[in-house]
Amino acid sequence: MALEDILSQTRVLVVDDNAALRGVLRVSLQAFGCARVTETGTVAQALELLKSQPVDLVITDWKMKPRDGIDLVSSIRSPLTSPCPGLPVIMLTAYADTDRIRQARRAGVNAFLIKPVTASALAGCLRDVLTGEHNIVECDTYVGPERRMADRADQPNQAAQLTASH
């Protein structure tokens, strides 16, 4: 199936405490053909929404208060408390150092986008996350992408698929 067809059916939740960035992401997603975009400004709102509405993809900022994007991803990945622990998650951040990438990977992020996000980087990341093959791990405390694959790379780029080994 073509990416455009996939996006036309994909329900995206954008989580960022910056309303302007949420708007830019919504407009970009809609330009790619994604008509179903929901926005929230906090992790608490996002977790409540995930309990009540079906979502196919989360795009979240890292740095938010009082709870950050890593907290959101950790909550999503918990099969004990999350209604959708295998949900794909793309993390946005202005920080591209290796330690942050590793921390995001350990939390269960599928992909990592470095701000400022370009339309082409977002499109590539969406393609990778929505159409690529992913090894999903399921255990008592975690459901999500494999966090220790040997073929992962710790070097960020504009749309770094989190495929790094520690």
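Where is Asn110 found? Asn110 lies in the loop between helix H5 (98-107) and strand S5 (111-114); helices (H or I, at least four residues) and strands (E, at least two) are DSSP runs, numbered from the N terminus.

Before selecting anything, note that this is a predicted model, in which local features need pLDDT of at least 70, side-chain atom pairs count only at pLDDT 80 or more, and totals for chains, interfaces and linings use all residues. Residues are numbered from 1 along each chain as its sequence is written, and side-chain values use heavy atoms, with hydrogens and water left out.

Select Asn110. Its relative accessibility is 6%, so Asn110 counts as buried (under 20% relative accessible area; exposed is over 50%, partly exposed in between; 1.4 Å probe, protein chains only). Its side chain makes a polar contact with the side chain of Arg77 at 2.8 Å (a pair of N or O atoms within 3.5 Å, one able to donate a hydrogen and the other to accept it; residues adjacent in sequence count only if both atoms are side-chain atoms). The Asn110 side chain also reaches the backbone nitrogen of Val89 at 2.8 Å.

Next, select Leu13, Leu50, Val58 and Leu72, the residues with the most contacts inside the largest nonpolar core, which has 25 residues (buried Ala, Val, Leu, Ile, Met, Phe, Trp, Tyr and Cys residues joined through side-chain atoms within 4.5 Å). The largest share of this core, 5 residues, comes from H3.

Finally, colour by pLDDT, the predictor's confidence in each residue, from 0 to 100. The protein averages 88, and 89% of the residues score at least 70.
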